[in-house]
Amino acid sequence: MKRFMVMLNGNMNKDPPPTKLLDLAGQLCQNLQSSSPVLEKLVGAMMGCKHKMYFLTNIHVVRACVFVHIHNGQHDTACRLLEYCKAEEKEELVQLWHEIHYQRVMEKQHTDFLTPLQKFRCRRRNPPPISLCPQGLKNRNYSDEVRQQLHRFAAEVTRNPNKKQRVG
């Protein structure tokens, strides 16, 4: 931690910061997951410097920052952090997005866990931003056009379709 702080202070004016510094930040965040006060200090130092967007390219740093913000009750800050971070692991970022909202609902309802239905409703009410899902959200419903074709097919087909109908 001390080595990181010295490197951070020594590289304040370098743009972009050295990759060694970014790697060390990710490694520290990964190692300090269970140590809340030290992790808070580390996150505060990274988010307080002008290179914070560079740090937010590392999934371990993003995860640590989200953890600290949730721990401090700053759910909106954690959501904004996820929206603007540049980490490549989009699926994990979406999962973190959902975890933030699950935590919010649990605090609101004064409970320790959510049922699968509550989680589903929470995900539906709080979809991840387009920055986390560039290909869009998964839609498990058929489009109107496909639904109409299926209705037409169902009206034409009997319970025991012949070979021609099955092939069609």
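I looked up the handedness first: H7 passes H8 in a right-handed crossing, the near helix being turned clockwise from the far one by less than a right angle. Helices here are DSSP runs (H or I, at least four residues), numbered from the N terminus.

This is a predicted model, where local features need pLDDT of at least 70, side-chain atom pairs count only at pLDDT 80 or more, and totals for chains, interfaces and linings use all residues. Residues are numbered from 1 along each chain as its sequence is written, and side-chain values use heavy atoms, with hydrogens and water left out.

Next I checked the packing geometry. H7 and H8 pack at about 115 degrees, axes 10 Å apart; axes are lines fitted to C-alpha atoms over the stretch in contact, and angles run from 0 to 180 degrees between N-to-C directions.

Who touches whom (heavy atoms within 4.5 Å)? H7 brings His-98, His-101, Tyr-102, Val-105 and Gln-109, while H8 brings Gln-118, Lys-119, Cys-122 and Arg-123.

Then I turned to the second largest pocket. Its lining includes His-101, Arg-104, Arg-121 and Asn-126; a pocket is an open set of points on a 1 Å grid over the protein atoms alone, where a 1.4 Å probe fits, with protein on both sides within 12 Å along at least five of seven lines, and lining residues have an atom within 4 Å of a point. H7 (90-109) and H8 (116-125) each supply at least two lining residues, and H7 gives the most, with five.

Note on methods: Contact = heavy atoms within 4.5 Å.
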